[in-house]
Amino acid sequence: GYEFMKPRSCGCKCIFCFIDQLPKGLRRSLYQKDEDYRFSYIFGNYVTLANIKEKDIKRIINYKLTPLYVSVHATDEKIRQLMLGRKKLVPIMELLKRLSLEGIKFQCQIVLCPGINDGQVLKKSIEDLSELYPSVETIAIVPVGLTKHRKGLYPLKVFTQKEAQDVFQIVKSFQKVFLKKFNHPFVYLSDEFYLLLDRKVPSKNFYRDFPQFENGVGIVRRFIDNAERLLKKDLKKISSSKKICVVTGMISYKVVKPYIDRLAEKIGIEITLLPVKNNLFGDTVTVTGLVSGRDILEALKGKSFDKIFVPDVMLRERRDCFLDDLTVKEIEKISGSEIIPFAPTLLNLYNMIRKNI
C-alpha cells in the first residue's frame with residue numbers, strides 16, 4: 001500500500017511571502033502555504049527547512065532524498081530569522097553541513113529583498129554556501145516579488161536600477177572566482193535581473209544543464225536559442241488573412257517581440273504581440289505566468305482577433321483555467337476569439353499556428 005501525502009503547512013511568516021500578498025476571492029488552493037521536504041525531493045518545491053524535525057532529518061539521510069531545493073535567503077541567522085518571521089530556527093549552515101556529510105545535494109535559492117539581505121549579507125551568504133560545494137550545487141538569486149496587496153505587511157520595495165546593478169556586480173565578481181575555482185559559475189541571477197538591466201543573458205554553456213530553470217534562471221536563453229534554430233530553417237509559408245494575436249507578460253515583451261516579427265515575416269502572416277498589464281497583482285508583477293484571464297480581456301478591449309495564442313504557463317496546471325478562475329471558453333465567449341494555448345517557445349507557437357490556421 002501507500003500513504004496519501006498531504007503537504008505539511010509552513011510555520012513561517014516570511015516578510016516577502018507571495019501568498020500573503022494575494023487578493024481575496026481566488027481559488028482556495030492558492031492560499032495554501034506548504035513546506036514539505038518530501039515535495040522538495042519529488043517535485044523540486046523550495047523549502048526553508050524551518051519546520052524540520054530530527055526524525056525528518058534522519059529520514060532524509062536514511063532514504064537519500066537528494067537533491068533538495070532549499071530557500072536559504074541568508075546565512076546570517078538574525079537576518080534569516082527576520083525574513084522567515086521566526087525567532088527559533090535550526091541554523092541553516094549547521095543543517096546543510098550535516099546533510100551534506102551524508103551525501104545529500106542541494107539547489108539553493110536566495111529571494112533578495114533590497115536593504116535586507118543584499119549587499120554584505122548577500123556576499124556572506126554566497127561565501128558560506130560556496131564552502132559546501134559540490135554538495136550545494138548551485139545558488140539562484142531571485143528578486144522579491146511584490147503585489148499591490150501589501151496593506152499591513154512588512155515594508156518592502158522592488159529593486160531600483162542602481163540596486164539591481166549592485167547585485168549584478170556582486171554576483172558577476174563571484175562567478176569569475178567560481179569559474180576558476182570550481183570550473184562552474186555556481187551562483188546565478190534569475191532572468192529578471194538581466195531584463196531589468198537590459199543586459200544580454202549568458203550563453204547556453206554558462207547555464208550548463210539549466211538546474212535552476214524552473215526558478216526563472218535561463219528561460220530567456222533557452223527561448224532565444226530555440227527561436228534562432230527555428231528561424232534558420234526554411235519554414236513553409238502560411239496563406240491566411242486571419243488576425244492573429246500572441247499574449248505575453250510585460251517583462252518578456254521586449255525579448256519576444258523581435259522573434260515574433262521575424263517569424264511573421266518568414267511565414268507570411270501578420271502576428272500581433274500583445275503585452276498584458278497585470279491589474280490583478282499590480283504593475284510590479286510583470287512575469288507571464290501570473291497574467292490573469294481578466295487582465296487579458298482588459299488588454300483586448302477595442303481590439304479584434306480571430307485567434308489568440310496564450311502561453312500555457314498562464315493556465316492552471318497547463319489546462320483550461322486561468323489564475324482568476326476564468327476558463328478558456330469564458331475568454332472565448334467574451335472576446336469572440338478562439339483561444340489556443342501553447343508551450344512558450346517559438347517552435348511550439350509556429351507548430352500551433354500551422355495546425356490552427
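This talk goes through a few local features of one predicted model.

Some housekeeping comes at the start. Residues are numbered from 1 along each chain as its sequence is written, side-chain values use heavy atoms, and hydrogens and water are left out. Because the model is predicted, local features need pLDDT of at least 70 and side-chain atom pairs count only at pLDDT 80 or more, while totals for chains, interfaces and linings use all residues.

Let me begin with the surface. Y41, I42 and F43 make up a nonpolar patch there, and together they have about 320 Å² of accessible area. A patch takes residues with over 30% relative accessible area and no salt bridge; like charges are joined within 9 Å, and nonpolar side chains (Val, Leu, Ile, Met, Phe, Trp, Tyr) within 5 Å. A salt bridge is a side-chain nitrogen of Lys or Arg within 4 Å of a carboxyl oxygen of Asp or Glu. F43 belongs to helix α1, residues 37-43; helices (H or I, at least four residues) and strands (E, at least two) are DSSP runs, numbered from the N terminus. F43 counts as exposed because its relative accessibility is 56%, where buried means under 20%, exposed over 50%, and partly exposed in between, with a 1.4 Å probe and protein chains only.

Next, a helix pair. Helix α2 (residues 54-63) and helix α4 (residues 92-100) have axes that come within 10 Å and cross at roughly 35°. Those axes are lines fitted to C-alpha atoms over the stretch in contact, with angles from 0 to 180 degrees between N-to-C directions. On the α2 side the contact (heavy atoms within 4.5 Å) involves E54, I57, K58, I60 and I61, and on the α4 side L95, R98 and L99.

Now the backbone. Most residues other than glycine have a negative phi, and most peptide bonds are trans. Which peptide bonds are cis here? One runs from T66 to P67, with omega near 0°, and P67 sits in the loop between α2 and β1 (68-71). Another runs from Y133 to P134, with omega near 10°; P134 is in the loop between α5 (119-130) and β3 (136-143).

As for phi, L49 is not a glycine, yet its phi is positive, about 65°. L49 lies in the loop between α1 and α2 and counts as buried, because its relative accessibility is 3%. D325, also not a glycine, has a positive phi of about 75°. Its loop joins β7 (307-311) and α12 (328-335), and D325 is partly exposed, at 33% relative accessible area.

Methods: Areas by Shrake-Rupley, 256 points an atom, 1.4 Å probe, with all protein chains shown as cover.
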